[in-house]
Amino acid sequence: MAILENIRKRTTVLILIIGLALFAFVISGVFSSSNFSGGKVGSSVAEVNGEDISIDEFRAEVETASRRYGPTVTSTQLVNMIYDQEIRKTLLNQQFEDLGIDVESDQIIEFVKTSGYAQIPDFLDENGFFNETIFRSAIADWKANDPLRYDAWLQDEKAIIQAAKESIYFNLIRGGVGATLTEGKLDYKLANDKVGIEYVRVPYTSIPDSTIEVSKSEIQAYIDEHKKLFEQGKARDIRFVYFEEKPSAEDENAVKEAITALMEDVVEYSEAKDANDTIKGFKNTTDMVAFLDRNSDTKYDTIYKAKKDLPSVVADTLFTLEIGDIYGPYKDGDFYKVSKIMGKKANGSVKASHILIGWAGAERVSPTVTRTKEEAEVKAKELLAEAKKADVQFTTLARDNSDGPSAPRGGDLGYFQEGVMADAFNDFSFGNPVGTIGLVETQFGYHIVKVDDKQDILQIATLARAIEPSEETINTLFTDATKFEMATTDAAAENFGDIARESNYTIRPVNKIKEMEENLPGLGAQRSIVQWVFNDETSVGDIQRFNVNNGYAVVQLTKKYQKGVMSPEDASFIALPEIRKERKAAQIIAANQGKALDAIASDNNVTVSTASALTIKSPTIPGSGREPLVVGTAFALEQGQTSSLIKGNTGVFLVKVTNKTAAPEVDNYSTYAQSLQTSAAATVNGAVYNALRDKAEIEDNRATFY
């Protein structure tokens, strides 16, 4: 934040340098008062440092995002995404206003030139390059003749202006980030000065937690000393019983029986013929397409399949069958199936690898390939001879020489059937035995091809029926859920668990639900449940039944957390381990004060250990983990000197320095200073925004509207 303060002090200078043209040329009227006044009407979805974010504008942004992302993003995810976006934009715009940062027409043009907008065909000249005159003309034409496209451009233009301002702002801050040679030298020494130690560690786990009694008042005192650590937002705890709408064992058997009944021929009376008629079953039908259309939940797929394309539960079995053989019924996921072998092709699928040597002008060739066709042929023949040598790895040869996209995979093309590859490639692969290596030419270049494997392929007809809950099962589930809801609602709140256990229902807790969360473990997206638990009229102990994905959930609100500092009960899981560690450290230090390494090791049943080449930049002690205070203390000692007892992260240490090695001096530390500067500059955007957000006063009203 010091950088930001310095920028504020130089506001006048910045205005002179950056904002000399606040009367900037307006490309399309985005800077007009009607467009930039904000139009804040109605209630606000948030307030940032006293500035409202209008719910009307917010909803418009959510609607636009909804059209852009479609069903891939839920409504709550969209709301949260746009909220974060608007908070960021508002905070940064407040900074822009304070600093006088604005953009001119020329700056917008320069930004467009270096962005994806520069590739829009309407903005390109006859040579395919962005042209400023054509750009301005296209915008003017849209305004006059294509209002919808012009309105879309206005939104794009706002985004461009925002991005340009952000670029100026962050570049200004980045320009103030630097590192001196002295800082570079310090960083070098922190990473390369080394110390070796002999040490003993008495771990905190040597004292059982049960021996350390901590009172509620002590936890409260710890909270008071570390309030920042125990700040919390509004949250809720719930527990629920899930009544899942799934098929019963009877439902599964019914589907299995139904599919089995379709196997054989059936004799039925035909009114049209006034005689019995034989309806062919799955085994004997002569029109498989029509049969499966009438009787199966999946249609007849005539494509031949390799073993890898079949369900793993039956693939091996199906490949042992002959044409006309039937296997099933078998269960595959949520289906019962019966499969019949309709066709079989020996070696119908080939696995091959290749090395592609392209030439300039070949189809889909990389622009980096400049060799002629003649040069490509010479190289291909050389590689063919090399590939045929007994001690050569084809995959390595392909990885190092192929121009094709399969080069990183060692040229592996996987399995393919006839007709997929180019004709010459196809004929070689299917016409030669496994292990053959040869040269073929296609429109893509010369290929050194290796036939890796061949597999049979099958044409299979599969009669499938989905295993679904019956109407009786669904009705029973609803009845059970309703009875449980009524029983728990009529009983005392604390009896929810007892009633669930009596009925052998599983109780699932979900803790610390936030106000704008949507997904609940075990239930998925359930915004209605979250809204209910945060409703002011919902009290702890209240119970409600909800329709959820594939069933019902009977939910009980078990706890409310208010915004502010945690209570001792809620904070105990954080505070207790730290308080116990403090107490254990005091006990260990008191019991071992004044003792030497060997005595401490003997008295505490631990060993004296050594560690070498420790650095301050990576203060990790093998076997003990990260211990910055211990390593830092060692660096402060002279060789041969022993420390006092040190309270570390994992235990109490006593350290003796066995050797110290100073990093060799270098002529110039500019490389290390530059590395520090680059690293710091790379974090500017995120670090500055996070600092602004942490400092800001933000009132979040999303839950009021969503």
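**Salt bridges across the chain**

Modeller: Glu 582 and Lys 647 form a salt bridge, with 3.0 Å between the closest N and O atoms; the term denotes a side-chain nitrogen of Lys or Arg within 4 Å of a carboxyl oxygen of Asp or Glu. This pair links distant parts of the chain, since Glu 582 belongs to helix H20 (residues 568–592) and Lys 647 to strand S22 (residues 646–647), 65 residues apart. Helices (H or I, at least four residues) and strands (E, at least two) are DSSP runs numbered from the N terminus. The model is predicted: local features need pLDDT of at least 70 and side-chain atom pairs pLDDT 80 or more, while totals for chains, interfaces and linings use all residues. Residues are numbered from 1 along each chain as its sequence is written, and side-chain values use heavy atoms, without hydrogens and water.

Glu 582 is partly exposed at 43% relative accessible area, as is Lys 647 at 35%; buried means under 20%, exposed over 50%, and partly exposed in between (1.4 Å probe, protein chains only).

A further salt bridge joins Lys 351 and Asp 412, at 3.5 Å from N to O. Lys 351 lies in strand S9 (residues 335–357) and Asp 412 in strand S10 (residues 412–417), so the pair ties together parts 61 residues apart in sequence. Lys 351 is partly exposed at 22%, and Asp 412 is partly exposed at 24%.

Arg 693 and Asp 84 also form a salt bridge, their closest N and O atoms lying 3.9 Å apart. Because Arg 693 lies in helix H24 and Asp 84 in helix H5 (residues 75–99), this pair ties together parts 609 residues apart in sequence. Both partners are partly exposed, Arg 693 at 28% and Asp 84 at 38%. The structure holds 32 salt bridges.
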